[in-house]
Structure formats: structure tokens, C-alpha cells
Amino acid sequence: MPMEPSVIEALIRQSLPDAKVIIRDLAGDGDHFAAEVVSESFRGKSRVQQHQLVYEALKGNMGGELHALALQTSVPD
């Protein structure tokens, strides 16, 4: 069963409470999402480290319930 966008957002916000999170369903199938995550927690971290923080927030759902996630991360302006 695919994950709901609200669940993806909630998991990310649980680990990164200050984050602004936008989730989009890319294919309309509930399996392919894009996430834009903006968090002060990313400051000073490489892009890879930022993405790792988001994947950790998803608690192992990546590749299972969550089939594909295009990820864009940044720090606030």
C-alpha cells in the first residue's frame, strides 16, 4: 500500500520540526513523490548529509511503502 503524502510530511516534520515541507505526487499513482524540504538543520551540511537526514526521518519506508522520492533540500534564506 502506498504512503499518503501527509504521512511523508509528518515523518519529516517529526525529525525536523522547523522544516518547511512540500510533497507532490509526481505520477498521480501514490508511489512517486517529490519533496522539497527547507530546514535550518541543514546549515553547514553537504547535500548528501541533508538527504541522509530526510531518509532517516522516513524510518526505513524508502524503497518499501515509499517507492520513489525526488528530494530537494535547502536552508532558509
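I8, I12 and V37 touch the most other members of the largest nonpolar core, which has 17 residues. Such a core is a set of buried Ala, Val, Leu, Ile, Met, Phe, Trp, Tyr and Cys residues joined through side-chain atoms within 4.5 Å. The structure is a predicted model, in which local features need pLDDT of at least 70, side-chain atom pairs count only at pLDDT 80 or more, and totals for chains, interfaces and linings use all residues. Residues are numbered from 1 along each chain as its sequence is written, and side-chain values use heavy atoms, with hydrogens and water left out.

- Beyond its neighbours within four places in sequence, I12 is in contact (heavy atoms within 4.5 Å) with V21, I23, V37, V54, A57 and L58.

**Helix α2 (residues 47-57)**
- Q50, H51, V54 and A57 of α2 are buried, that is, under 20% relative accessible area, where exposed is over 50% and partly exposed in between (1.4 Å probe, protein chains only).
- These residues lie on the same side of α2 because they cover an arc of only 115° around the axis, taken from the directions from the helix axis to the C-beta atoms.
- The buried residues of α2 pack against α1 (5-15), β2 (32-38) and β3 (68-74).
- V48 and E56 are exposed on the other side of α2.

**Q14 and K59**
- Q14 belongs to helix α1 and is exposed, with a relative accessible area of 55%.
- The side chains of Q14 and K59 make a polar contact (3.4 Å).

Definitions and conventions. Helix = DSSP H or I, 4+ residues; strand = E, 2+ residues; numbered from the N terminus. Polar contact = N/O pair within 3.5 Å; in protein donor to acceptor, adjacent residues only side chain to side chain.
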